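Take a look at the model below.

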Amino acid sequence: MRKLLLFLLFVPCLSYAQPGLDVLNVIDNPAGGQTYSLSLKIFFLMTALTLLPAALLMMTSFTRIIIVLAILRQALGTAQTPSSQILIGLALFLSLFVMTPVIDQIYKGSVEPYLSEQISIQEALSLAEVPIREFMLAQTRETDIELFASISGNDSIETEDDIPFTLIVPAFVTSELKTAFQIGFIIFIPFLIIDLVVASVLMSMGMMMLSPLIISFPFKLMLFVLVDGWALIMGTLANSFYFA
């Protein structure tokens, strides 16, 4: 499980850095004919790419970012604006920004030595594990690690190096969900206050048939624009990883 998850992150870097992959191998037969065979590298690469989205969700900053953006859209009350495609695109590129230091460490510490034939693929995967472990452990709560350690019956954990990779991943995802909902709650409060104030004013004026959302919507947009909301949200999300 650990090697598979690392391989999913390692292979795209490898395929990007490698000058080219042999798609077809041509073998000359003794009788004078030729045999064509598909390269196993392409086969393994395509197989890894099908599992890459799952690794992206489990081992990067994507989960926290997309949840916060979805809660923000719900708090604004803009229905499908921005669309889900735009939010996913923002989350992907912001995740790439956050994960760039980790990707650089993986490339310099494992991909480059492997391409120069200084280390084997097993050593490269072990070296690639280190920056990913450090990133996930920095964002993971100790209580979540203890929870999954107790579930798995692993009582031999004394240091961070003793934590198995298969335990770090679910603990990391659980911590990311908690953090995302905490940030989303803080974002939701000012918009909720605006809804309550507008609803109270309408009730006092006897305008009970008028939906408060229709009146509060432009005020929430105005507040979000005046405080430069998108810059604050993006900056807060990025800083939440660097200064966790």
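Are α4 and α5 roughly parallel or roughly antiparallel to each other? Keep in mind that this is a predicted model. Start with the angle: α4 and α5 pack at about 165°, and their axes lie 9 Å apart. Angles over 145 degrees count as roughly antiparallel. The two helices, α4 and α5, are therefore roughly antiparallel. Their crossing is right-handed.

Which residues meet here? From α4 come Val 98, Met 99, Val 102, Gln 105, Ile 106, Gly 109, Ser 110 and Tyr 114. They meet Ile 121, Ala 124, Leu 127, Ala 128, Pro 131, Ile 132, Glu 134 and Phe 135 of α5. Sorted by class, this contact has twelve nonpolar, three polar and one charged residues.

Now find a second pair. Helix α3 (residues 62-76) packs with helix α9 (residues 229-242) at about 150°, with axes 11 Å apart. That angle makes α3 roughly antiparallel to α9. The crossing of α3 past α9 is right-handed. On the α3 side, the contact includes Ile 65, Val 68 and Leu 69. On the α9 side, Trp 230, Ile 233 and Phe 241 are among the residues involved. By class, the contact has nine nonpolar, one polar and one charged residues.

Next, the core. The largest nonpolar core has 43 residues, and Phe 135 and Met 136 touch the most other members. Several helices give two or more residues to this core, including α3, α4, α5 and α9. Which element gives the most to this core? It is α7, with ten residues.

Finish at Met 136. Leaving out residues up to four places away in sequence, Met 136 touches Met 58, Met 59, Phe 165, Ile 168, Val 169 and Phe 172.

Note on methods:
Residues numbered from 1 in each chain as written. Predicted model: local features only at pLDDT ≥ 70, side-chain atom pairs only at ≥ 80, totals over all residues. Heavy atoms only, no water. Axes fitted to C-alpha atoms, helices over the stretch in contact; angles between N-to-C directions. Helix = DSSP H or I, 4+ residues; strand = E, 2+ residues; numbered from the N terminus. Parallel < 35°, antiparallel > 145°, perpendicular 65-115°, else oblique. Left-handed = near helix turned anticlockwise from the far one by under 90°. Contact = heavy atoms within 4.5 Å. Nonpolar A, V, L, I, M, F, W, Y, C, P; charged D, E, K, R; others polar. Core = buried A, V, L, I, M, F, W, Y, C linked by side-chain atoms within 4.5 Å. Buried < 20%, exposed > 50% of the residue type's maximum accessible area, 1.4 Å probe, protein only.
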